[in-house]
Structure formats: C-alpha cells, structure tokens
Amino acid sequence: IPETVGRYTGVTVGNEKLFECDIVEWYEDCDDTWGYSQTNVGRSVVVWDEENFCWAFKTDGYFQSFNDWSWENSFIIGNIHDNTESLKGEEEHA
C-alpha cells in the first residue's frame with residue numbers, strides 16, 4: 001500500500017533500518033533523589049520535523065531530534081500502519 005511506505009531516515013537501530021512512522025520503544029535508567037534505581041519506558045513515533053528540518057521522535061506532542069537521542073536502549077517495535085496497538089492510545093501523536 002503506497003501510502004504506508006515511510007522514508008528511510010539513514011539510521012540503523014541494531015540490525016533494522018529506521019523509517020518514517022516506525023514506533024520506537026526506549027528505556028532510560030535514572031536515579032531519583034533518594035538513590036532508588038528506576039527505569040523509564042516510553043514509545044515514540046519517527047517523524048519529519050518540518051519546523052527544524054530534521055528527523056525526530058514525537059512523544060506526547062513534543063519533538064526530539066535524532067541528534068539528542070540515546071540509541072543504546074532503543075528498539076523498533078513496529079510502525080503506525082501495522083501496529084497501532086503498540087502506541088497504547090497515543091496514535092494521535094503520529
């Protein structure tokens with residue numbers, strides 16, 4: 001289906017090429033002020049950021065450039081066309 005084909009971003013995550021409209025799950029380990037370890041888990045959609053002319057992740061309405069991204073704990077889990085359930089109700093952010 002032509003309208004579901006995303007543009008290649010030029011980035012490879014693990015062994016997979018990253019395309020527009022892919023859903024990326026990411027993990028971020030951090031410590032709170034009391035020293036307890038916690039892990040934040042999130043999901044973002046790959047989009048073209050028209051305002052900044054760059055590939056970015058869109059999460060909860062906010063854009064984050066690929067330049068500011070930590071790839072080591074990021075995984076492609078699908079795309080918005082084939083895996084809308086992976087967004088857990090956040091498909092309006094795509």
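Strands S5 and S6 form a hairpin with two residues between them, and Asp60 in the turn has a positive phi of about 50°; strands here are DSSP runs of E with at least two residues, numbered from the N terminus. The model is predicted, so that local features need pLDDT of at least 70 and side-chain atom pairs count only at pLDDT 80 or more, while totals for chains, interfaces and linings use all residues. Residues are numbered from 1 along each chain as its sequence is written, and side-chain values use heavy atoms, with hydrogens and water left out.

**Hairpins**
- S5 (residues 54–59) and S6 (residues 62–65) run antiparallel and are joined by four bridges, where pairing requires that DSSP finds at least two bridges between two strands.

**Salt bridges**
- Two salt bridges are found in the whole structure, the criterion being a side-chain nitrogen of Lys or Arg within 4 Å of a carboxyl oxygen of Asp or Glu.
- In one of them, the side chains of Arg7 and Glu20 meet at 3.1 Å, N to O.
- Because Arg7 lies in the segment before strand S1 (8–13) and Glu20 in the loop between strand S2 (16–19) and S3, this pair ties together parts that are 13 residues apart in sequence.

**Largest pocket**
- A pocket is an open set of points on a 1 Å grid over the protein atoms alone, where a 1.4 Å probe fits, with protein on both sides within 12 Å along at least five of seven lines; its lining residues have an atom within 4 Å of a point.
- The largest pocket is lined by 15 residues, of which Trp26, Glu28, Gln64, Trp69 and Ser70 lie nearest its centre.
- Strand S3 (22–31), S5 and S6 each supply at least two residues of this lining.
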